[in-house]
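Walk through this structure with the model open beside the text.

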Amino acid sequence: MSAATAPPAGPAPAARDERLAHVSLVRRLLGRPELGAVVGAAAVFVFFSFAAPSFLQASSLSTILYASSTIGIMAVPVALLMIGGEFDLSAGVMVTTAALVSSMFSYQMTANVWVGVGVSLLVTLAIGFFNGFMLTRTKLPSFIITLATFLMLTGLNLGFTKLISGTVSTKTISDMEGYPSARALFASQWTAGEVTLEITILWWIALVAVATWILLRTRAGNWIFAVGGSADAARAVGVPVVKTRIGLYMGVALCAWISGQHILFSYDVVQSGEGVGNELLYIIAAVIGGCLLTGGYGSAIGAAVGAFIFGMTSNGIVYAQWNPDWFKFFLGAMLLLAVLLNAWVRKRAEARA
């Protein structure tokens, strides 16, 4: 057949849209930042199940959940902040500040304790705003800004407590109006058989759910990932970098307020020197959960799993009747292994993409 009489060529086959390609379950799992933490949590659970028979008792599990929740409430907003590419070294002492303000304001003003709780919320949010505002205004690293806030709060907590109370701890407020209802919201517990569950567990679950929804289902979540990936690129496409960073720091402050109220209404009095060093535990839980120190990657669920690993380890050592001096060693080893595992998981995910 000659070229003149050849039939016209048919339409070229449509190119396949890669966005519609089926993504296997394995690839989706490898792309999740919390995968390494889930594997690590399973390993820690199995290990202590054999090393400490009492680990699996119902009362032990409730204690583990409580310890995990006290770290997890703060690990969630710290994880969001790290995804946004920043740190907050003042988070630990900010918890104590929130508790001290509530207690001392209520006692000195002889007001309903809810007035002190409200004032504490405003003060704590103001501290978070200060951190975010100073970061965006001065362009200094968040390490320097929040380290300065950490030192100032540490001094203020001790100085004001001694000035007002005459000691390093606050006065009791358990006989004041509003105390029972505030305790019910921030420090209540309920018992079912041998299991005693603290309300902090519900706070923890709720915060994880809200943070996950924000990250995965809202425009603000896209902004957080964009700012953590590259602030300049995010700014170029219209992301409100300044507002996003300030909002993240105020989120940390809000959860610090919740944790502070729990401490106050659980023990009635607050020691002014508490909280120092806890900021590292929150960061460790977030890193174990898959957050990168460089920002732009991580999840709230991963931070929750990281806090759960912390709770299992800290209590598992006790149930196994080991010397608690080894706890920091195990914590450091878990941190190193988690970072290595997370890096491996991310490289595998990028290689399969």
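Which side chains meet in a salt bridge at 3.2 Å, N to O? They are those of R235 and D232. A salt bridge here is a side-chain nitrogen of Lys or Arg within 4 Å of a carboxyl oxygen of Asp or Glu. This is a predicted model, in which local features need pLDDT of at least 70, side-chain atom pairs count only at pLDDT 80 or more, and totals for chains, interfaces and linings use all residues. Residues are numbered from 1 along each chain as its sequence is written, and side-chain values use heavy atoms, with hydrogens and water left out.

Both R235 and D232 sit in helix α10 (residues 231-236), 3 residues apart, about one turn of the helix. Helices are DSSP runs of H or I with at least four residues, strands are runs of E with at least two, and numbering starts at the N terminus. An α-helix has 3.6 residues a turn, so residues three or four places apart point the same way. R235 is partly exposed at 40%. D232 is exposed at 60%.

A search of the whole structure finds 2 salt bridges. In the R245 and E86 pair, the closest N and O atoms are 3.3 Å apart. R245 belongs to helix α11 and E86 to the loop between α3 and α4 (91-109), so the pair ties together parts that are 159 residues apart in sequence. Both R245 and E86 are buried.

Stay with helix α11 (residues 241-267), which also holds S259. S259 is buried, at 9% relative accessible area. Leaving aside residues up to four places away in sequence, S259 touches I73, M74 and V95. Contact means heavy atoms within 4.5 Å.

The largest nonpolar core has 63 residues, and M74 and I309 have the most contacts inside it. Helix α3 (residues 58-83) gives the largest share of this core, 12 residues. Such a core is a set of buried Ala, Val, Leu, Ile, Met, Phe, Trp, Tyr and Cys residues joined through side-chain atoms within 4.5 Å. I309 touches A37, G40, A41, V44, I288 and M334, not counting residues up to four places away in sequence.

I288 is one of the buried residues of α12. In this helix (residues 278-288), 9 of the 11 residues are buried, so α12 is largely enclosed by the rest of the structure. G290 follows α12, with a positive phi near 115°.

Now move to the surface. F130, M152, L156, F160, L163 and I164 form a nonpolar patch with about 580 Å² of accessible area together. Patches take residues with over 30% relative accessible area and no salt bridge; like charges are joined within 9 Å, nonpolar side chains (Val, Leu, Ile, Met, Phe, Trp, Tyr) within 5 Å. Areas come from the Shrake-Rupley method with a 1.4 Å probe; for residues, only the protein chains shown count as cover. Helix α6 (residues 142-165) supplies the largest share of the patch, 5 residues. F160 is found in α6 and is partly exposed, at 44%.

Finally, the whole chain. It has 14 helices and 2 strands. Of its 353 residues, 46% count as buried.

Methods. Buried < 20%, exposed > 50% of the residue type's maximum accessible area, 1.4 Å probe, protein only.
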